[in-house]
Amino acid sequence: MSLYKRLHETGAGGAEALSGGRGAPDASLNELRHRVHTSLIEELGPILYDKRMSEEDLRKKVHEALHTAIAMERTPLSAADKAQLIQDVSDDILGYGPIDKLLRDEDVSEIMCNGPKMIYVERSGKLVLDDTTFVDDMHLRRIIDKIVAQVGRRIDESSPLCDARLPDGSRVNAVISPLSVGGPFLTIRKFAADPLRIDDLIRFGTLSVHSARFLQACIVGRLNVLVAGGTGTGKTTTLNVLSSFIPTDERIITVEDAKELQLHQDHVLSLETRPPNVEGKGEVSIRDLVKNTLRMRPDRIVVGECRSGEALDMLQAMNTGHDGSLTTLHANNPRDTLSRLETLVLMSGYDLPVRAIREQISSAVDMIVQLQRLRDGTRRITHITEVSGMEGEVITLQDVFLFDFTAGVDESGRFKGSLKPTGVRPKFAQKLADHGIRLGPEMFSAQTETAAPANQRGRK
């Protein structure tokens with residue numbers, strides 16, 4: 001149990017000591033931690049933000065100063081409590097306080113701080129309450145301020161919402177008072193240091209071998225693809241994997257609210273939005289960036305997520321020679337994906353006829369990859385659907401691969417089904433053939449495929 005938690009379990013006025021019955025009460029230890037922390041900040045000052053100093057040298061100086069500061073205090077501590085105090089204060093100054101250990105835990109894929117005393121984590125697709133806690137609201141707020149400041153953003157009463165990211169690319173969302181009731185809220189969606197690859201998704205059972213080969217052919221063949229799904233279904237992870245299929249000799253421009261995509265091609269330019277300043281000016285939106293990419297001579301445009309009027313600019317890019325573009329959006333099934341895309345286009349501010357919007361969509365989008373988070377906590381691709389054209393006023397869809405829900409579940413409640421071909425050969429197969437990519441009939445035969453959801457872990 002961390003010292004943070006022990007400091008508050010016996011109460012601020014408790015007389016119980018943590019040092020073998022002879023030490024100071026919890027309130028004194030809490031005060032000691034604050035004193036040591038403050039004295040270190042005052043002593044080290046600018047050194048903590050000196051980019052020229054290596055992380056190892058900075059850690060060494062902090063630990064030396066910590067031992068000196070604790071030695072000057074008269075509060076008696078046991079060896080274990082002293083070591084824990086050093087670790088906690090060190091995490092506060094060099095890292096992210098109590099959640100540092102959760103960020104280092106590879107089994108944790110998401111961290112949700114519902115105030116300082118209630119922290120949930122996601123392990124293997126399931127939410128569990130962790131025993132980690134912050135000291136109080138101010139302690140959590142300091143960590144939020146530190147994270148936000150690292151990426152040049154701000155969070156205060158005039159702007160109490162913030163999207164940010166950690167240096168490793170993990171997505172961060174913070175909400176503070178007056179919007180949050182019960183303390184600051186912090187949500188961190190972790191991304192692995194080694195990004196998942198297509199082989200990992202096949203092993204997890206997210207998709208099958210044949211569907212993986214099919215998706216690779218579609219990306220290399222420059223089809224425009226939408227990755228759709230609900231919150232937490234793994235859209236960004238899937239987009240990252242699909243983007244890895246883009247040939248290395250193409251110029252790729254990514255547009256995101258906060259940089260998350262981890263592409264390994266050489267010619268990648270990453271653009272990130274900017275929130276308004278204190279005066280409410282200077283905002284650069286996703287839409288501004290998408291428009292600007294068209295002037296940067298891209299071969300591929302990858303938009304992290306379409307949430308508003310940028311959907312229209314994305315469709316126009318797809319229809320004006322920027323084939324092979326990719327993006328994600330929130331939707332529950334392929335038909336809903338098209339409806340939501342229509343709605344986003346209408347949010348652009350232009351009074352366009354619905355038929356004109358649908359014609360744009362049917363002309364621009366070639367394929368929808370639909371993800372779903374199932375009851376067993378796993379993320380699966382449930383549809384790979386072709387946008388085949390229009391019949392009257394309706395955009396026509398045809399499923400090329402579907403998840404087999406009829407296979408049922410095993411003893412542990414895990415779905416046994418896999419992503420299987422429907423037997424339909426997509427119309428864009430000819431377009432792929434024109435690019436020298438030929439899809440054999442075996443890829444679309446409605447045969448039974450064995451997916452291997454062997455080792456489900458983390459975000460899939």
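The following legends describe close-up views of a predicted model.

In this predicted model, local features require pLDDT of at least 70 and side-chain atom pairs count only at pLDDT 80 or more, whereas totals for chains, interfaces and linings use all residues. Residues are numbered from 1 along each chain as its sequence is written, and side-chain values use heavy atoms, with hydrogens and water left out.

**Figure 1. Overall content of the protein.** Among contacts (heavy atoms within 4.5 Å) between residues at least 6 apart in sequence, 58% join residues at least 24 apart.

**Figure 2. The open sheet of nine strands.** The strand order is S9-S8-S10-S11-S7-S12-S13-S14-S15, and the pairing is mixed; two strands count as paired if DSSP finds at least two bridges between them. The edges are formed by strand S9 (268–272) and strand S15 (419–421), each of which has a single partner strand, so one side of each lacks a neighbour in the sheet. On average, neighbouring strands of this sheet are turned by 30° against each other, direction ignored. Helix H11 (residues 310–318) packs on the sheet and touches strand S7 (225–229), strand S10 (300–303) and strand S11 (326–330). The direction of H11 makes about 160° with that of S10, where axes are lines fitted to C-alpha atoms, for helices over the stretch in contact, and angles run from 0 to 180 degrees between N-to-C directions.

**Figure 3. Strand S8 and its two partners.** All five of the five residues in strand S8 (residues 252–256) are buried. Ile 252, Thr 254 and Glu 256 lie on one side of S8, and Ile 253 and Val 255 on the other, so that both faces are covered. S8 pairs with S9 in the parallel sense over five bridges, and with S10, also in the parallel sense, over four bridges. Val 255 has Leu 271 as its bridge partner in S9 and stands opposite Val 303 in S10.

Figure 4. Strand S12 (residues 367–373) is mostly covered, with five of its seven residues buried. S7 and S12 run parallel and are joined by four bridges; Val 227 stands opposite Val 369 in S12. Seven bridges join S12 to strand S13 (residues 379–391), and these two strands run antiparallel. Gln 370 has His 383 as its bridge partner in S13. S12 and S13 form a hairpin with five residues between them, and Gly 377 in the turn has a positive phi of about 90°.

**Figure 5. Strands S14 and S15.** Strand S14 (residues 394–403) pairs with S15 in the antiparallel sense over three bridges. Phe 403 stands opposite Leu 419 in S15.

**Figure 6. Helix H12.** Helix H12 (residues 334–346) comprises 13 residues and spans 19 Å from its first C-alpha to its last, close to the expected 18 Å; the expected span is 1.5 Å times one less than the number of residues. Pro 334, Thr 337, Leu 338, Leu 341, Glu 342, Leu 344 and Val 345 are buried in H12. These residues cover an arc of only 165° around the axis, which puts them on the same side of H12; the arc is that of the directions from the helix axis to the C-beta atoms. At the start of H12, a side-chain oxygen of Asn 333 reaches to within 3.1 Å of the backbone nitrogen of Arg 335.

**Figure 7. Helix H6 and its ends.** Helix H6 (residues 137–150) has 14 residues and reaches 20 Å from its first C-alpha to its last, close to the 20 Å expected. The buried residues of H6 are His 139, Leu 140, Ile 143, Ile 144, Ile 147 and Val 148. Asp 136 caps the N-terminal end of H6, with a side-chain oxygen 3.2 Å from the backbone nitrogen of Met 138. Gly 152, which follows H6, has a positive phi near 70°.

**Figure 8. Ser 208 in its loop.** Ser 208 lies in the loop between helix H7 (198–204) and helix H8 (209–220). Ser 208 is buried, with a relative accessible area of 1%. The side chain of Ser 208 makes a polar contact with the side chain of Ser 211 at 2.9 Å. A polar contact is a pair of N or O atoms within 3.5 Å; within protein, one must be able to donate a hydrogen and the other to accept it, and residues adjacent in sequence count only if both atoms are side-chain atoms.

Conventions
Buried means under 20% relative accessible area, exposed over 50%, partly exposed in between (1.4 Å probe, protein chains only).
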